[in-house]
Structure formats: structure tokens, C-alpha cells
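Reader: I would like to learn how to read salt bridges in a model. Please take me through some cases.

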Amino acid sequence: MSDLNVRTLRRDDADHVVAEDLDALLAVFTEFETDRLGSPETTRAEALAAMGMPRLSREETVLLLDADDEVVAAVFVVTNPDGLDVYADPAVRVGADERRLLEACTDHALAAARRIAAADGREGWTLRTGRAGGDDLSAEVLTDRGLTEVRRFYRMRIPSDSPAIPAVRPPLPPGVELVVRDDEETRRAIWQVDDESFLDHWNYTPISYDDWWDDMSAGPTRDPEGWWLLRVDGEPAAMLVLDDSQAENGDGYVGVLAVRRPWRGRGLATWLLQSAFVRERDRGRAGTQLSVDAQNLTGAVRLYESVGMSPMHVRHGYALDL
């Protein structure tokens, strides 16, 4: 990486990332995302949540510094040992040096993924990363390094003044009960719905309750009153989890929406979404966002469009089998 210095993020005695490093990382992501997406996406709360995730690789999540000791790039690295996946999320300073910085980030991600795979010892690991739609430079760098585009994802949004949002929360369908309780029994039921519902989704790997809870409870973005479980005749049937990851950008965020197969087509997802939009509007949020696999076979994109959401931007997923 020639004159670039690569180092991990420093932590204090309480095991928190020091403010200077967090600020530098966020400055890079804000600049990069604003250039590529039109607005910043990674918030401080979201970054803090990521820093607390057990699956974050502390050794491989790094800052890249130039000869003047200025942070010019950053790479998040997260592992999924169950699925044998390494996820890398890079950002670089915008300007004449972008290609070199993107190449350095990609080279680090590749080397990190190979180190993680070698330490694990199992065959079949995959490096996964992505780029924004229209980011031709990142596409060239990723392709040059042997990665292949495998998927597209949308970030979708509905503004809170949309006429598609009901004036009040819709009534529950007959026989359906809404459960909002922050206790382990309810959380386990939400996990059950989440895990089972995503079995037929692309590249999904089942996850244990303990690992799921470690991920979902990390950082300051959790919104316990936005964890909703729908029971139909007493059976857990659907769930929606709202979080505060986009609160700094003025929006609510649907982190997870899932309906178990036997209860699909009954309007449960529509009820959950419309109720979420009403809640976030009434809390003063400017809109509500979510992310979705654009090639999802369950019709998720059509569902979101039917309740008034539309794509903000597209991301392209890339992968390389190691």
C-alpha cells in the first residue's frame, strides 16, 4: 500500500472506540456516501452498534492513513462463521487519489478474508462487499481484483407526508394479536419468526438465538418499543423490528420484517408496515427507510411499493470464493 499506514481503531479502558478514531471513520463514510448516494447513510449510532457486534473483526476493521497521518479510508470487516462469509464495507476520501485508495481497501479486504479463512481452517469461505449504483470506479476495482457482481439491493423510503400512510394505525385483522413486550419469551418468539421466515432467502444462514440477540442488542440503536410480534390464534406469525439507526438523518428504520410462510398473503406485513409508518410520522420522523434484496423471490419489493415506498438508491453486491 506504498505510503499508506493501516491500523486498527483504538479503544479506551472501557473498550469503546476512541472519539478521534470514530470521528475520522465517520467523516470518511459521510464524504464517500454523500458522493456516491447523494446523502450520508452510516450514522454515528449505527457505527457504534457495529463496533459492539461480536461478529465485527476488530483486528481487520481498519483505518488507512496517508503520509501526513490523515485518515483517508476505512474498512469495516464483519464475519459470519456459520455461513463462511466475510463482509467488507469500505469508504475513501473523494478526489484524485480515489482509485489507489479503493484498491488499497479492496486489497486489505481480500487479505483479511484470507487470514480469517486460514485461521478458521474450513474450506468454502467467501468475501462479500458492494458498491453504489453508478459507482463505475468501484466496479472496475472490484472486477480487477476478481470479484463478481452477484446481487442487487435497494434502500427504500416513504416520506412521512405521503398520502399512502393512514391517518391512524389500522385495526388489527381478526384473530391477530399484537405483542410488544421486552422480555426473553417475546424476543425468542421474534427470533423464531425471523429465522424461519428467511430460510428461503438468498444466502441466508440460520443463526442461534444467542448470536442473533448479541447482534440485535449491540450499540445504541435498539428501540424496544418498536419490536412487534403478531400472533395468530396464539401462534407467532409475523414480526417487525424498528430501530434508531437512521434517527440522525431524521428517519425511522425497519431493521427486520418477516412473516412465516403459513401466514403469508393475509395482510400481516402490510399492517406492520403501515403501523410503523404511522408511528414514525407521529414521532416526528421525516420518513421511514428499509433495505431489501431487489431480487427477492417472495415479492418483497412489490409489497413495499404497494404501501407507498420507493427506492432511494441501489447497491450492487459482489463476491469472491476464497
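Author: Side chains of opposite charge can pair when their charged atoms come close. This model is predicted. In it, aspartate 21 and arginine 10 form a salt bridge, with 2.8 Å between the closest N and O atoms.

Reader: Why does the pair of aspartate 21 and arginine 10 tie parts of the chain together?

Author: Aspartate 21 belongs to helix H1 (residues 19–37), while arginine 10 sits in the loop between strand S1 (5–8) and H1, so the pair ties together parts that are eleven residues apart in sequence.

Reader: Is aspartate 21 buried or exposed?

Author: Aspartate 21 has a relative accessible area of 1%, and it is buried because the cut-off is under 20%. Arginine 10, at 37%, is partly exposed.

Reader: Which side chain meets aspartate 182 in a salt bridge?

Author: That of arginine 222, at 3.0 Å from N to O. Aspartate 182 lies in the loop between strand S7 (176–179) and helix H5 (184–197), and arginine 222 lies in strand S8 (residues 222–232), so this pair ties together parts that are 40 residues apart in sequence. Aspartate 182 is partly exposed, with a relative accessible area of 43%.

Reader: What does glutamate 280 form with arginine 285?

Author: A salt bridge, whose closest N and O atoms are 3.0 Å apart. Both glutamate 280 and arginine 285 are buried. They also belong to a network of salt bridges that links them with Asp223, Asp244, Arg279 and Arg283.

Reader: How many salt bridges does the count come to?

Author: The count comes to 39 salt bridges.

How values were computed: Residues numbered from 1 in each chain as written. Predicted model: local features only at pLDDT ≥ 70, side-chain atom pairs only at ≥ 80, totals over all residues. Heavy atoms only, no water. Salt bridge = Lys/Arg side-chain N within 4 Å of Asp/Glu carboxyl O. Helix = DSSP H or I, 4+ residues; strand = E, 2+ residues; numbered from the N terminus. Buried < 20%, exposed > 50% of the residue type's maximum accessible area, 1.4 Å probe, protein only.
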